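Please look over the sequence and the structure shown here, and keep both at hand while reading.

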Amino acid sequence: MKRLPRISEAEYEVMKFIWKHAPASTNEITQQLVRTTKWSPKTVQTMIKRLTDKGVLTYEKQGRVFVYTPLVGEQEYVSQESHSFLERFYNSSLTAMVTAYLDDDSLSSQEIDSLRTLLAENSRKGGS
């Protein structure tokens, strides 16, 4: 798997909108994020530029409007971040992470049941 650029939490908020609405113009992105955050239009535009500079977004000029499209898929990015988190905090051990959540009573009965179901399905499919 190729290594994707790191993006900040704020940049991730921009990407969530673009992943959902791509292709999206600067105005669409800015209008939405100004409504749902406390950011100024200039802040949103700065984050769009950073994401473009990082190679996460590309753009096309359509008349006087810039339209942005992601170069990185949402699932691909989330998967990388999940693996990085697991590696950084749990020495790449999923068992250690789940144990920490169980020890802290951070998982509800419903979440535990969901995990059991996922593990059973993975086992039936021949997962490792």
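Predicted model: local features only at pLDDT ≥ 70, side-chain atom pairs only at ≥ 80, totals over all residues.

Residues are numbered from 1 along each chain as its sequence is written, and side-chain values use heavy atoms, with hydrogens and water left out.

Strand β2 (residues 57-62) pairs with strand β3 (residues 65-70) in the antiparallel sense over six bridges; two strands are taken to pair if DSSP finds at least two bridges between them, and the elements themselves are DSSP runs, numbered from the N terminus, with helices (H or I) of at least four residues and strands (E) of at least two. Leu 57 has Pro 70 of β3 as its bridge partner. Two residues lie between the strands of this hairpin, where Gly 63 takes a positive phi near 70°.

Helix α4 (residues 74-90) has 17 residues, which at 1.5 Å a residue should span 24 Å, and its end C-alpha atoms, 23 Å apart, agree with that; the expected span is 1.5 Å times one less than the number of residues. Tyr 77, Gln 80, Ser 84 and Leu 86 are the buried residues of α4, where buried means under 20% relative accessible area with a 1.4 Å probe, protein chains only. These buried residues pack against α1 (9-21) and α5 (94-103), contact meaning heavy atoms within 4.5 Å. Just after α4, Asn 91 takes a positive phi of about 50°.

The largest pocket holds about 290 Å³ of space. A pocket here is an open set of points on a 1 Å grid over the protein atoms alone, where a 1.4 Å probe fits, with protein on both sides within 12 Å along at least five of seven lines, and lining residues have an atom within 4 Å of a point. Eight residues of the lining of the largest pocket, the largest share, come from α4, and the lining includes His 83, Phe 85, Leu 94 and Met 97. By class, this lining has five nonpolar, four polar and one charged residues.

The second largest pocket has about 240 Å³ of space, and α5 and α6 (109-124) are the elements that give two or more residues to its lining. The largest share, five residues, comes from α6. Among the residues that line the second largest pocket are Leu 94, Met 97, Ile 112 and Arg 116, and by class its lining has nine nonpolar, no polar and one charged residues.

Notes: Buried < 20%, exposed > 50% of the residue type's maximum accessible area, 1.4 Å probe, protein only. Points joined across faces, edges and corners; volume = space filled by probe spheres on them. Nonpolar A, V, L, I, M, F, W, Y, C, P; charged D, E, K, R; others polar.
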